[in-house]
Amino acid sequence: MTTRRVYAPRIDFAALRTELGLPAGFSAEAEREAAEAAGKTFGDRPDRTELEFVTIDPPTSRDLDQALLLRRGDGGGYRVHYAIADVAAFVVPGGPLERETWERGQTVYLPDGKVPLHPPVLSEGAASLLPDQDRPAVLWTIDLDAEGRTTAAHVERALVRSRAKLNYEQVQHDVDAGTPHPSIALLPEVGKLLVERSLERGAVNLPLPEQEVEPDGDGWRLTLRAPVPVEEFNAQISLLTGMAAARIMLDGKVGLLRTMPEPPLEVVDMLRVAAKALEVPWPDGASPGRVIAALDPAQPRAAAFLDQAAEMLRGAGYTAFDGAVPEQPRHAAVAASYAHVTAPLRRLADRYVTEVCLALFAGAAVPSWAREALPKLPEVMSRTDRAAGAADRGAVDLTEAVLLQGRVGEEFDAAVLDVDPKGKRGAIALDDPPVRARCATSVPGGLPLGARIRVRLTEADPTHRKVLFEAVEGEKVERES
């Protein structure tokens, strides 16, 4: 699927910020603490600056949490070096900055600017793994065998230096051209192995294109962007590290896991029914994850199936434990126990999970400030997850409504992604512009799931961020290959 863009006029996102109660800035005390912390030096740490790390992030990002280096290991295996920004080195437990980060929980992204978890002097400066700068980091070293299975994991505090700030499209272009950066030349090889191991476990990854709102001169672009393969490979490194962290905490019987219950059997059964109706192949014995991995999300029937498959991935949360392993320690989509540990600049929980892992790995006592935080984090992260999700969806909804407000009555081609039980309402994805919206119909037989149809825009209301279509009777568009 190619990237699709459409221009929208200038939009004011201030009302959305107010509606969500997002903070406008940090207190003077928190800013002062951050500025003082930014001047700290870390010369007493183990020096790992000889390791030639690189970062892979969106082009405009400056809050760089992770840096990566991949090498050949012994016996045909691999060694993964993964440096994570050491935010705890800058934040004083019990201080004004820590208190404000608990109010924020995570960085919230809006088209006209982010609401950061930490002041930019840290998140985009002294704590960020920017290129050509010595930075304090938590360094994970994970050894894999030739099949991509973990054989050993090590974690320590260290001083590191990134050599380059790369972005996904650039990395994918270099990989395709056979000229990848030497530090990540093994990323496709290792990434494919890790994907295969995840499918063996029964993991599920939904390769859905993302709607994004981007600045464009004096207006905005609404973009539908399909992820490139190296994004999935890079995500697998993060998952690998999160699973290693979970293992350390489960062995130590204290920590915080990212969990998700297994989908009920009836949900999987319904997905099999949807696969048959949509003519999606489901070989005997294949897991849902393998069925999904074989699909092209650009095809309407495949896109509709992916929308149905999302029903399996419900109920994600955080599970704190201390003294005993939780009854349900797994994350169903990962098909393993897993922890958030690789994005501490942008996510509060990762700072505390990291401290637990460092202490347990070293055989030391978990710091009281980290241990006492664990049972409080699930509520904070759930609350701020909702706010971040509402900000993301609200920005796209507003942009769609502004983009379409002058086009009520026009007709468009669309794919039907979801349908209610009566078949009279559902979700559609327009071919152009790249809009996803609700659609109603009075046509006999209802909306045909997975089909391409003709729809008419009946409402586009920026004030309420609402867009609505209706199916055009007798106008089914069959152009799926």
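Me: How much space lies in the second largest pocket?
Reply: The structure is a predicted model. Empty space of this kind is found by rolling a probe the size of a water molecule over the atoms. For the second largest pocket, the space comes to about 320 Å³.

Me: Which element gives the largest share of the lining of the second largest pocket?
Reply: The lining has 18 residues, and Thr150, Arg201, Leu240, Met243 and Ala336 are the closest to the pocket's centre. Two or more lining residues come from each of α6 (187-201), α7 (229-252) and β14 (336-337). The largest share, seven residues, belongs to α7.

Me: Are α8 and α10 roughly parallel or roughly antiparallel?
Reply: Two packed helices are described by the angle between their axes and the distance between the axes. The axes of α8 (residues 265-277) and α10 (residues 300-309) come within 10 Å and cross at roughly 170°. Angles over 145 degrees count as roughly antiparallel. The crossing of α8 with α10 is therefore roughly antiparallel.

Me: How many residues of the contact of α8 with α10 are nonpolar?
Reply: From α8, the residues Leu271, Ala274 and Ala275 take part, and they meet Phe305, Gln308 and Ala309 of α10. This contact includes one polar residue and no charged ones. Its nonpolar residues number five.

Me: Which word describes the crossing of α3 with α13?
Reply: The axes of α3 (residues 96-104) and α13 (residues 377-404) come within 8 Å and cross at roughly 55°. In α3, Trp102, Glu103 and Arg104 meet Leu377, Val380, Arg383 and Thr384 of α13. The residues of this contact divide into three nonpolar, one polar and three charged.

Me: What lies at residues 45-363 according to UniProt?
Reply: The end C-alpha atoms of residues 45-363 lie 18 Å apart, and the span is 34% helix and 26% strand. In the unreviewed UniProt entry, the feature placed at these residues is "domain: RNB".

Me: Where is Pro433 found?
Reply: The peptide bond from Asp432 to Pro433 is cis, with omega near 5°. Pro433 belongs to the loop between β16 (425-430) and β17 (436-440).

Me: What is the phi of Lys253?
Reply: Lys253 sits in the loop between α7 and β11 (254-259). Although Lys253 is not a glycine, its phi is positive, at about 60°.

Terms used. Residues are numbered from 1 along each chain as its sequence is written. This is a predicted model: local features need pLDDT of at least 70, side-chain atom pairs count only at pLDDT 80 or more; totals for chains, interfaces and linings use all residues. Side-chain values use heavy atoms; hydrogens and water are left out. Axes are lines fitted to C-alpha atoms, for helices over the stretch in contact, and angles run from 0 to 180 degrees between N-to-C directions. Helices (H or I, at least four residues) and strands (E, at least two) are DSSP runs, numbered from the N terminus. Contact means heavy atoms within 4.5 Å. Ala, Val, Leu, Ile, Met, Phe, Trp, Tyr, Cys and Pro count as nonpolar, Asp, Glu, Lys and Arg as charged, and the others, Gly among them, as polar. UniProt positions are given in the numbering used here, feature names are shortened, and annotations may be inferred rather than shown by experiment. On a 1 Å grid over the protein atoms alone, a cavity is a set of points where a 1.4 Å probe fits but cannot get out, and a pocket is an open set with protein on both sides within 12 Å along at least five of seven lines; lining residues have an atom within 4 Å of a point. Grid points are joined across faces, edges and corners, and a volume is the space filled by probe spheres set on the points. Angles under 35 degrees count as roughly parallel, over 145 as roughly antiparallel, 65 to 115 as roughly perpendicular and the rest as oblique.
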